Amino acid sequence: MKRNFENDKKDMVVVEGSYAVADAVKACRPNVISAYPITPQTHIVEDISQFIADGEIPNCEYLNVESEFSAISALVGSSAAGARSYSATTSQGLELMHEVLFNVSGMRLPVVMTVVNRAVSAPINIWNDHQDSISQRDTGWIQLHAEDTQEASDMTAQAFKIAEDPDILLPVLACLDGFILSHVYEPVVLLDEDLVAEYLPPFEPKFKLDPKNPKTFGAFADPNSYTEFRYLQQQAMNKALKVIEDAADEFYDLFGRHYGGLIDKYETDDADIILMAMGSIVGTIKDVVDKLRAQGVKVGVLKVRSFRPFPAEAIKNAIKGAKVVVALDKNISLGLNEGALFTETKGSLYNTNVNIPIIGFMIGHGGRDIPMSTMEAIVDEAKKVIDSGITVESQFTDLKEELL
């Protein structure tokens, strides 16, 4: 596990998570930013607009638009013209972009967008879960999830590195949990712009709109060619598995910080019970693991950092020695009664030689608190599976029966 944060302490500053992300965007030297404010994403684009007004992001155009649909549509044009392009959104704003997200990926435009994860309506809720980004799983965007504010900042540079790789050229959603990370003030190391310039060279698009060398983007494709476009997108996703790992390793070499590439493991090598999750909940799980390890319980946590492309092989290798795996999802596929991480992990193990019981818990919807006691109760349920087998495959956690 590559972790070396000790040397950072002298350089740490206490800032809001949104500011750390905005400052990371600044360090990446985008050419065009187009965004529409929506809670809890607003502070990111407010800080970015201030940077631009103060002249701190040279050669960058900030586009004021009337909606999130317009924001992402504008970046289709800017990215196709060869500009490093960025946006940020959340929840209903991300859902409003849904149609255009397919266009961005299908046209192989390496746009980076921060998603500050928030529950979707109805009922109206502004707190955190992952339903918004999970709903975009099939749009062809790479999707990464940050555990903490420092990772959310550093992930921004890695997202551009991945997206703009000439073998990839796919857009990236860089996700962080709303309020839990976006609005928390904590010590972080802001990205050194000189090091970022070394890590992330200027964007040199493989293809772009140029009157001197005309090309067509997003052309009409009849049944004779449409399948091949989808095939090439999937091939790029397959290649991205290695590129994501490489981007994390290269970042570590320059900055000395590492959070895993596709996944990150904590106390999993000898674990009987492995808890899988994405985002800020991983920090809570690590505290539970430490407590239970001290009591002799062999439990570990597997952080899934890349949801798209889904790291099936890495997950399989990480969990193959466990007796039971627990997938924790801040989302639900209504009508299936499962969260996405649970479903996809089960699916990725089918027809393999790894046959481990997997159970799923849907947790933290609409920002509901996830105390350590809840995690300990989930571990107790996992112990029952080891002793007696699966009785309930997937379930909601901490339901308030009096409200039903």
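**Close-up 1. Helix α3 from end to end.** In this predicted model, helix α3 covers residues 68-80. How far apart should its ends be? At 1.5 Å a residue, its 13 residues should span 18 Å, and the end C-alpha atoms sit 19 Å apart, so the two values agree.

**Close-up 2. The two ends of α3.** At the start of the helix, look for serine 67: one of its side-chain oxygens comes to within 3.3 Å of the backbone nitrogen of phenylalanine 69. Just past the helix, you'll find glycine 82, with a positive phi of about 100 degrees.

**Close-up 3. Strand β14, hidden from view.** Now hop along to residues 358-362, which form β14. Five of its five residues are buried, so the rest of the structure largely encloses this strand. Ile358, Gly360 and Met362 point one way, while Ile359 and Phe361 point the other way.

**Close-up 4. The neighbours of β14.** Strand β13 (residues 324-329) runs parallel to β14, joined to it by five bridges, and aspartate 329 stands opposite methionine 362. Strand β15 (residues 394-396) also pairs with β14 in the parallel sense, over three bridges, with glycine 360 opposite serine 394.

**Close-up 5. Two crossovers, two hands.** Which hand does each β-α-β unit have? β13, helix α12 (residues 340-349) and β14 make a right-handed one, whereas β14, helix α13 (residues 372-388) and β15 make a left-handed one.

Definitions and conventions
Residues numbered from 1 in each chain as written. Predicted model: local features only at pLDDT ≥ 70, side-chain atom pairs only at ≥ 80, totals over all residues. Heavy atoms only, no water. Helix = DSSP H or I, 4+ residues; strand = E, 2+ residues; numbered from the N terminus. Expected span 1.5 Å × (residues − 1). Polar contact = N/O pair within 3.5 Å; in protein donor to acceptor, adjacent residues only side chain to side chain. Buried < 20%, exposed > 50% of the residue type's maximum accessible area, 1.4 Å probe, protein only. Pairing = 2+ DSSP bridges. Right-handed = clockwise from strand over helix to strand, strands pointing away.
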